[in-house]
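Work through the exercises below with the model open beside you. Try each task before reading its solution.

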Amino acid sequence: MKTMTLEEIKFIRDTVFETVEFKKDVDIEFFDAEGITVEYDGKKARIGADSKPGLARGCFLLAMELDAGKESVSIQQKAHFQTCGLHVDCSRNGVVKVESFKQYMNRLACLGFNTLMMYIEDTYEIPSRPRFGYLRGRYTKEEIQELVAYGEKLGIELIPSMQTLGHLANYLKWDYACKVPYEYNTGENIHLIKNAEETLLVDCEETYRFIEDEIRACKEAFKTDKIHVGMDESSTAYKEKFLELYGIQSKFEVFTRHLRRVVDICKKYGLKPMIWSDMIFHAFSETNFYYDPTVVFPETFKETFPEVDLAYWDYRVTDADVFEKMIKKHQELGRNVGFFNTLGTHVSPLVAWASPWAAFPEGLKACLRNNIQTVVTTIWGDDGNLCNYRLCDPLLAVLSEYCYLGEACTEDDIKRVSEYLTKMPLAVAAAMSDGNCVVEPVKGWRLQAKRMLFGDVLYDMACDLEYCDAIIETYGSHAELLKQQMKAKDKNCEW
């Protein structure tokens with residue numbers, strides 16, 4: 001492989017085989033190829049690839065087939081998406097440790113992922129702003145660089161995903177410490193840039209000095225030329241202090257004006273920005289719905305829209321037609337569109353399996369039909385980061401198999417890859433999820449795990465007494481599966 005040294009090839013091979021516990025001694029020849037080629041004739045194996053992620057996936061596929069007892073192997077695959085990525089929340093009281101991130105990257109490499117996005121609201125260092133990430137377990141510049149270097153060895157690009165408008169409450173809460181001079185005043189002027197609890201004050205020059213500090217710190221820590229600058233769920237940007245200072249203004253003009261300033265800062269540092277796209281739709285929606293499919297973008301808006309990629313993330317959709325319409329609506333703006341779905345870690349101590357299992361394949365099929373080249377799945381830790389992120393590992397194969405098999409991907413393909421990677425039966429992973437989602441008579445599907453964990457069983461907020469039978473039936477039907485897995489001393493049960 002012309003672009004890889006023997007040392008790099010050996011590292012990838014050994015990492016993959018160790019991750020999946022493949023112990024067979026196999027003579028392997030590596031060669032350059034378009035896409036991925038895996039061959040085995042009973043004596044010798046050949047793996048061809050055009051990239052490190054392709055090589056890693058080739059090693060994984062060989063190991064999976066040989067551990068399944070195959071006496072001959074012949075596989076040809078190619079990536080249908082340029083970007084196959086995972087976006088990990090490192091901000092909601094869950095700053096993933098460096099070693100844990102490396103383990104993540106090992107598993108991602110096995111499946112052929114090439115991108116890892118780190119969601120860091122205030123959990124990285126800005127030297128000139130000591131209260132940014134204060135007491136929040138923030139990453140040092142050196143820790144991020146260590147992760148970037150490790151990702152490079154596996155062909156995984158690390159990209160910062162941060163915030164330049166909303167979701168900054170953990171930094172903005174320190175505004176009181178900047179209002180009057182005293183010995184602990186750091187001079188950060190947080191009180192000047194704070195608009196509301198979570199949002200920055202648009203059109204304030206001090207705000208853009210802060211954003212430039214953020215972007216510069218990311219540029220220095222990461223090696224990529226890409227950056228996700230957030231801006232989602234920030235409707236208070238038009239209200240509170242902004243409204244008092246500047247009065248009522250057009251939402252889309254305010255948002256676009258701010259976006260242009262941020263894009264200009266990114267360009268100054270040689271970075272290509274991406275934003276969450278919900279606020280664009282919100283700015284034109286009369287219903288204030290984040291992803292209103294009926295919005296009409298004025299031609300002047302399309303013509304002047306800044307150079308920024310769009311991340312479409314509506315997690316509530318499961319309908320293929322809606323995905324199709326929304327992707328086309330995004331494409332009207334003439335910018336690169338990325339499809340971001342979720343693995344369902346943000347609503348409960350257990351993965352909300354049913355939603356991503358139903359929605360993700362439909363969204364990926366829509367991406368394949370509309371030439372979407374950036375596809376990422378997200379892991380969030382909203383409301384206390386109650387769910388262990390590793391519980392969603394079985395679902396990673398949904399993205400990887402659609403990436404490398406296209407619309408020919410089946411549930412059996414996903415099941416086989418998932419179970420070999422995690423060593424956990426997919427039925428067991430689904431059983432854990434079903435403990436979270438209960439179908440009750442009349443009311444239908446409900447997220448029940450958080451109610452059961454924190455609610456008072458004698459109070460109606462926990463669950464309706466007459467529906468307890470439905471809950472007991474759901475929990476009981478899967479408990480035996482989990483017991484069997486624990487008796488088998490499955491290491492995944494130690495998560």
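Predicted model: local features only at pLDDT ≥ 70, side-chain atom pairs only at ≥ 80, totals over all residues.

Residues are numbered from 1 along each chain as its sequence is written, and side-chain values use heavy atoms, leaving out hydrogens and water.

**Exercise 1.** Describe the surroundings of E362.

Step 1. Locate E362: it is in helix α13, residues 354-369. Helices are DSSP runs of H or I with at least four residues, strands are runs of E with at least two, and numbering starts from the N terminus.
Step 2. Classify E362. Its relative accessibility is 24%, so E362 counts as partly exposed. Buried means under 20%, exposed over 50%, and partly exposed in between, using a 1.4 Å probe and protein chains only.
Step 3. List its contacts (heavy atoms within 4.5 Å). Leaving aside residues up to four places away in sequence, E362 touches T318, A320 and F323.

**Exercise 2.** Trace the pairing around strand β10.

Step 1. Take β9 (residues 272-276). Three bridges join it in parallel to β10 (residues 309-312); pairing requires at least two DSSP bridges. I275 faces L310.
Step 2. Take β11 (residues 337-342). Three bridges link it to β10, again parallel. A311 faces G338.
Step 3. β10, α12 and β11 make a right-handed β-α-β unit. With the strands pointing away from the viewer, the path from the first strand over the helix to the second runs clockwise.
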